[in-house]
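Reader: Could you take me through this one? I would like to know what stands behind each label you use.

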Amino acid sequence: MTQSGYASERETTEGRVFTVTGGDWDTVTGSVDPLSNEKIVVNMGPQHPSTHGVLRLVLELEGETVTDVRPVVGYLHTGIEKNLEYRNWTQGTTFVTRADYLAPLFNEAGYCLAVEKLLGITDDITERANTIRVLFMELNRISSHLVWLATTGMELGAISMMLYGFREREYILDIFEETSGLRMNHAYFRPGGVAQDIPESAIKKIRDFLVYLPKKLKEYEAMLSGQVIWQERTQGVAVLDVTGCLAMGVTGPVLRSAGLAWDLRKTMPYCGYENYEFDVPTATTADVWGRYQVRLAEIRESLKIVEQALDRLRPGPIFIADKKIAWPAQLAVGLDGMGNSLEHVAKIMGQSMESLIHHFKLVTEGFRVPAGQVYVAIEHPRGELGVHAVSDGGTHPYRVHMRDPSFVNLQAIPAMAEGALLADVIAGGASLDPVMGGCDR
Amino acid sequence: MTVEPSSPEGANLGAPAQTPSSPQKGMFGITGTGDVSGFGGLVRPRHEVVGSPKPYGGYFDEVTDALEEAYPGFADAVEKVVVDRDELTLHIVPERIAEVAQIMRDDDSLRFELCSSVSGVDYLNSDARRLHVTYHLASMTYRRRVRLEVAVPAGGSVPTVTSVYPTADWQERETYDMFGVIFTGHPNLTRVLMPDDWEGHPQRKDYPLGGVPVEYKGAEIPPPDQRRVYQ
């Protein structure tokens, strides 16, 4: 019998037999003497309703006080970055969109901006494409913040907030579905523009939503802000000041709740954000309450941007004019959902041999991207989303790394939770708004 | 950087290649007998990254001058300065990265308070020091960004920057996990995304993607890394 890794193994006539003992956990609990030591080791997750996904927290408790927290991630690792290297640049959007599934359009935007910067076509993106991007990113920010409100409400005991938050998010997903054909994982932003134009029906829906949501927001505020339990669970809990945030690399609403108005839409604008009027909400309490206030205010600011974007929407092309890059295919709603537009296919097939060749080359081979590397950062609902894209001059990405805010922000859990109560780990973790799909990629 | 004209073992014998062909080699992504066009033998060397001449333009001159002034070992530590696509990259000698990061953070005229991102890139077959680690620093005071880059051979080590930027902790762990770069002095250099007992470093270019053939409408589609693709 030999020991290898975590399981002992022995050779038998039927083959190799492993005996799995889970020794890892034994050594942790074995080091605790239950008589002289009150320390308890608690394993929370990776499947726990309060951990926002498959996050595992190993907690050491003395009574109800947390002395040590070790977040364990990686349970949702799907190799998105590696997979990108085997697809062409345009196909990349269908992968990155699946990383942070609550903010898919941000993943796509970050990736597309990086590819466009590599291509040197950032300034050639049409006005309408940029406006649609801003419009959809802000709607996505609202839906992401609504889910935060919903799940955090649930985790702190306000179950009705969960139902309301998801209900309102559904409204936004309907708008996305109307335009891109999918509720989530849209692959709607493409390098060079967006896949489809917005139909009039979706614009009408967005206008209705602009009237609908502010009323609802007031209701949520009335329901949560004045409630004593909500205040007790959030005020003065999981404090992380600006120094702590910067040391741990925490950005987004958590950093702004500590008082630093760092918002990449203002400080390093992209997609024409410099043309929109909006404020960067901040708080000074640096606690869960502050993050709640900041996120609520951000929903309102996003509504302002959506309204301005709708007003700025002028008819025009939604894709870059350069035929070497512009995607030649078009989509339409078919029998089994969104697919190739048969009309468009007939046009290409019937038009000329050259346009057929062009279509075939661009769709199967893709465009080449000059060698080099870029780093593009955008303001994601959870903080800075950075995309480091490297090209070797080929039709496939050589390397794409996503600096996902969930991954970086989760490092701050020990700093916020150690020394506090067990219940505050839940509130603190929730206030970071981690999405494990983005964290583990 | 030197280009190593290495061909995968068995590539000329018609046998399956031992390592996946590097993206610069061949036109259809296959080696051996599958290719009858002759384009499979095409070799396109990666172009060497060359340093940019001064002046760099924008704030890049200020940043490099300030670093040169604040850091006496500038000439020894900085291998080259590259300006490309409005981004400044300082290639640093691996042993000096923590020192440089300290000055980048603390010097009044630099003030790169935030380490945005740490990640790796594997330049297999195009650089003898194939594993590169990139650090993306952001200065909130001056609203600037800069990239530091170090290069080590496989199995090489880089001093950790966690004492300067604690946020690099998990990101260095991920780089170790995915590329096998050892960060000396790191408080807890273990895998972060892959399971603890995983073998190999998945993001390396000679690590296969894996996958199984899938049947779709009667046809069998090979896994992505074995499909024919134009490169």
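Predicted model: local features only at pLDDT ≥ 70, side-chain atom pairs only at ≥ 80, totals over all residues.

Reader: What makes α5(A) and α6(A) roughly antiparallel to each other?

Author: Here the helices are α5, residues 127-155, and α6, residues 159-180, of chain A. Their axes cross at roughly 160° and come within 7 Å. The cut-off is again an angle over 145 degrees, and α5(A) and α6(A) are therefore roughly antiparallel. The crossing is left-handed. Among the residues that make the contact are A:Leu139, A:Ile142 and A:Leu149 of α5(A), and A:Phe166, A:Ile172 and A:Leu173 of α6(A). The classes here are 14 nonpolar, four polar and two charged residues.

Reader: And why are α5(A) and α12(A) described as roughly antiparallel?

Author: Helix α12 covers residues 288-312 of chain A, and its axis crosses that of α5(A) at roughly 155°. With the limit at 145 degrees, α5(A) and α12(A) are therefore roughly antiparallel to each other. The axes come within 9 Å, and this crossing is left-handed. On the α5(A) side the contact includes A:Leu139, A:Ile142 and A:Leu149. From α12(A), A:Ile299, A:Ile305 and A:Leu310 are among the residues that take part. By class, the contact divides into 11 nonpolar, three polar and five charged residues.

Reader: How many residues does each chain bring to the contact between chain A and chain B?

Author: Chain B gives 35 residues and chain A gives 42. On the chain B side, the elements that give two or more residues are β3 (114-122), β4 (131-139), β5 (144-152) and α4 (168-179). The largest share of that side is from β3(B), with six residues. By class, the side of chain B has 14 nonpolar, 10 polar and 11 charged residues.

Reader: Which part of chain B does the UniProt annotation cover?

Author: The unreviewed UniProt entry places "domain: NADH:ubiquinone oxidoreductase 30kDa subunit" on residues 91-211 of chain B. In the model, that span is 18% helix and 29% strand, and its end C-alpha atoms lie 36 Å apart.

Reader: What makes the phi of B:Arg85 worth a remark?

Author: Most residues other than glycine have a negative phi, and most peptide bonds are trans. B:Arg85 has a phi near 50°, a positive value in a residue other than glycine. B:Arg85 sits in the loop between β1 (78-84) and β2 (87-92) of chain B.

Reader: What kind of peptide bond joins B:Lys54 and B:Pro55?

Author: A cis bond, with omega at about -5°. B:Pro55 belongs to the segment before α1 (60-70) of chain B.

Reader: How far apart are the centres of the two domains of chain A?

Author: The domain assignment gives domain 1 as 1-31 and domain 2 as 80-325 + 367-440. Taken over C-alpha atoms, their centres are separated by 44 Å.

Key:
Residues numbered from 1 in each chain as written. Chains lettered and ligands numbered in written order. Domains from an automatic or database assignment. Contact = placed C-beta atoms within 7 Å. Helix = DSSP H or I, 4+ residues; strand = E, 2+ residues; numbered from the N terminus. Nonpolar A, V, L, I, M, F, W, Y, C, P; charged D, E, K, R; others polar. Axes fitted to C-alpha atoms, helices over the stretch in contact; angles between N-to-C directions. Parallel < 35°, antiparallel > 145°, perpendicular 65-115°, else oblique. Left-handed = near helix turned anticlockwise from the far one by under 90°. UniProt positions renumbered as here; feature names shortened; annotations may be inferred.
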